[in-house]
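Trainee: Could we go through this one together, and will you tell me what stands behind each term?

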Amino acid sequence: MSNDLKASVLAAELDERPRIGILTSGGDCPGLNAVIRGVTKSAYWLGYQVVGFRNGFEGLIDPIQCQHLTPEVTSGILVQGGTILGSTNKGRFGARVGKDGRAELADGILDQVRETFEAFRLEGLIVVGGDGSLSTALQFHEAGLPVVGVPKTIDNDLSCTAYTFGFNSAVLCCADALDRLHTTAASHGRVMVLEVMGRHTGWIALHGGIAGGGDVILIPEVAWTYENIVAKIDERTRMGKNFTLVVVAEGAALPSGTVVGQDSENMQTKLGGIGQVVTEELENRIDQDVRCVVLGHLQRGGGPTTFDRVLSSQYGAHAVRLIVEKKFGQMVCYDPPDVLDASIEAAVGDLRTVDPLGSAVKTARAMGICFGDTPGYVNPFN
Ligand code: F6P
């Protein structure tokens, strides 16, 4: 269906109120539907209508895929996982990285997007996405299109915000897995290795590991050795603990410097597999059973925690406000206790990594959690 035709079909449902577009892009996470609902409800009360574009940026271009979002359509989705609009991290807007490290757009695609904005008479478009999707949104903004961003990712790796929505839900999933592994590890006197997501940062491993009582946490931000992990396991044995819980972030480099995953041409590396590598190496080094669990996409599925429901609702309402106030090129952000906004450019410019000297790492070390970088306890406050 052509842009004009689709716009005219939709126009039958739409009235003269100004229009806001929204799309969800990249890997899904809990809270996407809560953002969609927050946008739709707050737009409604401000006298705006909302058009949802389906399957990420793909929905903006031929064949245009969209739907009219009303308070009725979004009723009851606050607690639902996934996204009613669909999402993709592939296709014509996939996170293809160019020479300067920015997302690369195919020739002519911005013109098609501009036509859609005009055909739908959009006052602004809300892009809900992580660093890849928001760097595409930044290119829209630089091309003069009215866009604002909402920071989404379980990885929590965007700058300018204390939390992305979805992160808290992923941490709960990780902690829940550790709670379950705890009892089976203790029953069998085993070392359990839990591999969690997070791409090149260790936020999920760190927060999930603390929340779930992990004994060893391996993250990309701290270099570690097998000897130090074995020393921790031995120390626990001496303390009468016959089991150990090891949490490893998928992006943590091995002592050799290798990051485990698959590289595909010009695309983001697909990470995963370090849990099994660590498990096999520990099996060679200790006289104890070692088992590996890869938490994988369970961390992205299911409904949002209450924290993420509140954060997502706040993000949705604030994004609408940005469009009403014509603050384009901005991304909503959380600067506790306030939801504010910052430029998308600043948010995607730098990966927000875990500070190895930050309070969460220090807290973990103070409780004796091992990061694999020292053979025993070191007072973090000295
Ligand atoms: O960015 C979110 C995330 O879940 C990462 O933690 C993980 O590395 C990646 O996406 C997995 O992507 P995919 O769903 O394409 O396997």
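Mentor: Gladly! The buried residues of α7 are Tyr226, Asn228, Ile229, Val230, Lys232, Ile233, Glu235 and Arg236. This is a predicted model, where local features need pLDDT of at least 70 and side-chain atom pairs count only at pLDDT 80 or more, while totals for chains, interfaces and linings use all residues. Residues are numbered from 1 along each chain as its sequence is written, and side-chain values use heavy atoms, leaving out hydrogens and water.

Trainee: What makes Tyr226 of α7 buried?

Mentor: Buried means under 20% relative accessible area, with exposed over 50% and partly exposed in between (1.4 Å probe, protein chains only). Tyr226 is one of the α7 residues in the buried class. What covers them includes β6 (191-196), β7 (216-218), β8 (244-249) and α8 (274-285).

Trainee: Why does the span of α7 agree with what it should be?

Mentor: The expected span is 1.5 Å times one less than the number of residues. The 13 residues of α7 should therefore span 18 Å, and its end C-alpha atoms are 18 Å apart, so the two agree. Just after α7, glycine 240 takes a positive phi of about 90 degrees.

Trainee: Which helix gives the largest share of the lining of the second largest pocket?

Mentor: That is α7, with four residues. Both α7 (226-238) and α11 (359-366) supply at least two residues each.

Trainee: How is the lining of that pocket split by class?

Mentor: It has eleven nonpolar, five polar and five charged residues. Here Ala, Val, Leu, Ile, Met, Phe, Trp, Tyr, Cys and Pro count as nonpolar, Asp, Glu, Lys and Arg as charged, and the others, Gly among them, as polar.

Methods: Contact means heavy atoms within 4.5 Å.
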